[in-house]
Amino acid sequence: MIFAVVPAAGRSARMGRPKLSLPLGDRTVLEHVVTALRQGGADEVLVVVGPHDPMVAPLAAAAGASVLVLADATPDMRATVEDGLRWLETHFRPRPDDAWLLAPADHPTLDADVVRRLGAAYAEGRRSIMVPAHNGRRGHPTLIGWRHVAGLLAHPSGKGINDYLRSQEEQVREVPAPTAAVLCDLDTPEDYARLTGAAP
C-alpha cells in the first residue's frame, strides 16, 4: 500500500489568509493536493491539521482524506509528520514494504502522473526513497519506504526530515519529472497570483 501524509498544521504569515482554502479553478488548494494523491495511486491520504485551523479539517474531509486534528500545536513539520505516521501505524499497521508519500499541503501543482511515476519506481525495488527531480532540482512529493519510519522517529531531535533523507542518500533515487511543477510551493501572494494569472 501507499499512504500519503499531508502536513497542514503550519500557517504562512506572508499569505495573510488560510492559503489551503484558496480557490484554484473549481477546487481549493487542499482539494487539488488530495485529488492528485488519490488519482496518483495513494491508497490512504491523511491530512494532519493543527488545533487552531478550523477551516482545514472540513476541506480535507470533503476532498476524501482522513483527518488527524492535533490536540496541540507542533514545533515543526517533522513533529507534524511523525504524529501522522503514528496515526497510520495505529490504524493500518503498514508492512515494511509499504510506502508513504510526504506531500506538503501547499503544493497545488502536485501532479497525479508524478505520483504514479514515483510509485512505479519504488515498485522496482532497487531503492527505498523516491524523489522527483526536474533539471537537477529535487521537488515534491517524496515517496519513502515504510521501513524508514522507525529510523526517522529515532533520528536526533532538532534535525528535520531532510536531514534524515540526506543520511540515507544511498537509498535515494531521483525520478525525472517532465515539468517544473514539482518545484512549486504556495508561500506568498505572488505565488498565488502566478498560479491564477490574477492578483490574489
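Q: Helices are DSSP runs of H or I with at least four residues, strands are DSSP runs of E with at least two, and both are numbered from the N terminus. Which residue takes a positive phi just after helix α1?
A: This structure is a predicted model, in which local features need pLDDT of at least 70 and side-chain atom pairs count only at pLDDT 80 or more, while totals for chains, interfaces and linings use all residues. Residues are numbered from 1 along each chain as its sequence is written, and side-chain values use heavy atoms, with hydrogens and water left out. Helix α1 covers residues 29–40. The residue just after α1, with a positive phi of about 115°, is G41.

Q: How far does α1 reach from its first C-alpha to its last?
A: The expected span of a helix is 1.5 Å times one less than its number of residues. For the 12 residues of α1 the expected value is 16 Å, and the reach in the model is close to it, at 17 Å.

Q: Why is α1 described as largely enclosed by the rest of the structure?
A: A residue is buried under 20% relative accessible area, exposed over 50% and partly exposed in between, with a 1.4 Å probe and protein chains only. The buried residues of α1 include V29, L30, E31 and T35. Helix α1 is largely enclosed because the buried part amounts to 9 of the 12 residues.

Q: Which residue's backbone oxygen does the side chain of T35 reach?
A: T35 lies in helix α1 and is buried, with a relative accessible area of 16%. A polar contact is a pair of N or O atoms within 3.5 Å; within protein, one must be able to donate a hydrogen and the other to accept it, and residues adjacent in sequence count only if both atoms are side-chain atoms. At 2.8 Å, the side chain of T35 reaches the backbone oxygen of E31.

Q: Which residue caps the N-terminal end of α3?
A: Helix α3 has 16 residues, and R78 is one of its buried residues. A side-chain oxygen lies 3.3 Å from the backbone nitrogen of R78, and it belongs to the capping residue, D76.

Q: Is T80 buried or exposed?
A: T80 belongs to helix α3. Counting contact as heavy atoms within 4.5 Å, T80 touches P7, A9, V48, L70 and T74, leaving aside residues up to four places away in sequence. With a relative accessibility of 3%, T80 is buried.

Q: Which element gives the largest share of the lining of the largest pocket?
A: On a 1 Å grid over the protein atoms alone, a pocket is an open set of points where a 1.4 Å probe fits, with protein on both sides within 12 Å along at least five of seven lines, and lining residues have an atom within 4 Å of a point. The largest pocket has 36 lining residues, with P7, M77, P104, D106 and H140 nearest its centre. Elements giving two or more residues to this lining are β1, α3, β7 and α6. The largest share, 4 residues, comes from α6.

Q: What is the relative accessibility of N135?
A: Most residues other than glycine have a negative phi. N135, in the loop between β7 and β8, has a positive phi of about 50° although it is not a glycine. N135 counts as exposed, at a relative accessibility of 71%.
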